[in-house]
Amino acid sequence: EADAIVDRVRNFVKGKESAHVPLDLTSEVNRTVETFRRHTDSPITVTVPWSPTLIVCGDPVELGIIFMNLLRNAETATSKNDPGHPPRITITMRREGERAVAEVADNGPRLTFSRLSELGKSTRKEGLGLGLGITKELAEGLGGSIKFERRSERGLTVTVTVPLCPEDKVKAYWSEQKTKNA
């Protein structure tokens with residue numbers, strides 16, 4: 001899986017497009033959350049309430065990069081929480097018209113408007129400053145967008161919106177897969 005990520009980042013830098021196939025966004029997000037849980041030492045709680053099946057056209061590695069970057073950023077933000085606010089991330093997904101919407105909300109410190117406007121520019125010495133920039137570009141490559149919003153009490157909600165895969169493309173893909181496996 002690490003080799004696939006490196007290949008996707010190389011292709012991204014070179015401006016090459018990846019192959020987009022029908023994927024269940026809910027399953028891809030849950031898989032990324034499980035990977036995140038296996039590789040974090042943080043006491044953070046990640047909750048993903050039940051979500052409907054949301055078929056989008058994308059690359060599983062790219063979707064994984066998007067959501068892993070958002071999880072890591074939320075983990076960093078919530079690591080500064082005082083004991084009265086245990087670190088928490090909630091990812092909710094829903095359909096809005098012909099689009100899939102995923103919201104990644106954390107309970108880290110409330111961002112100032114100044115800091116909110118700096119999102120996408122690294123302030124960490126150990127980072128490359130590419131995480132949110134790549135995340136935004138990957139979402140846009142799927143025909144989607146990313147929006148950052150301060151939560152009323154504390155923390156941040158990052159909304160990722162991508163188009164649902166047209167039904168005819170889903171049917172054609174699965175028909176092709178059946179033919180390949182026959």
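Which residues have the most contacts inside the largest nonpolar core? In this predicted model, local features need pLDDT of at least 70, side-chain atom pairs count only at pLDDT 80 or more, and totals for chains, interfaces and linings use all residues. Residues are numbered from 1 along each chain as its sequence is written, and side-chain values use heavy atoms, with hydrogens and water left out.

The residues in question are L25, L63, I66, F67, L70 and I89, in a core of 36 residues. A nonpolar core here is a set of buried Ala, Val, Leu, Ile, Met, Phe, Trp, Tyr and Cys residues joined through side-chain atoms within 4.5 Å; buried means under 20% relative accessible area, with a 1.4 Å probe and protein chains only. At least two core residues come from each of α2 (25-38), α3 (60-78), β4 (88-96), β5 (99-106), α5 (131-141) and β7 (156-163). Helices (H or I, at least four residues) and strands (E, at least two) are DSSP runs numbered from the N terminus. The largest share, nine residues, belongs to α3.

Beyond its neighbours within four places in sequence, I66 is in contact (heavy atoms within 4.5 Å) with T135, L138, A139, L142 and V160.

The strands come next. β5 is largely enclosed by the rest of the structure, because six of its eight residues are buried. Strands pair if DSSP finds at least two bridges between them. β4 and β5 are antiparallel, with eight bridges, and I89 has D106 in β5 as its bridge partner. Two residues lie between the strands of this hairpin, where G97 takes a positive phi near 60°. β5 also runs antiparallel to β7, joined by seven bridges; here V101 stands opposite T161 of β7.

Conventions: Buried < 20%, exposed > 50% of the residue type's maximum accessible area, 1.4 Å probe, protein only.
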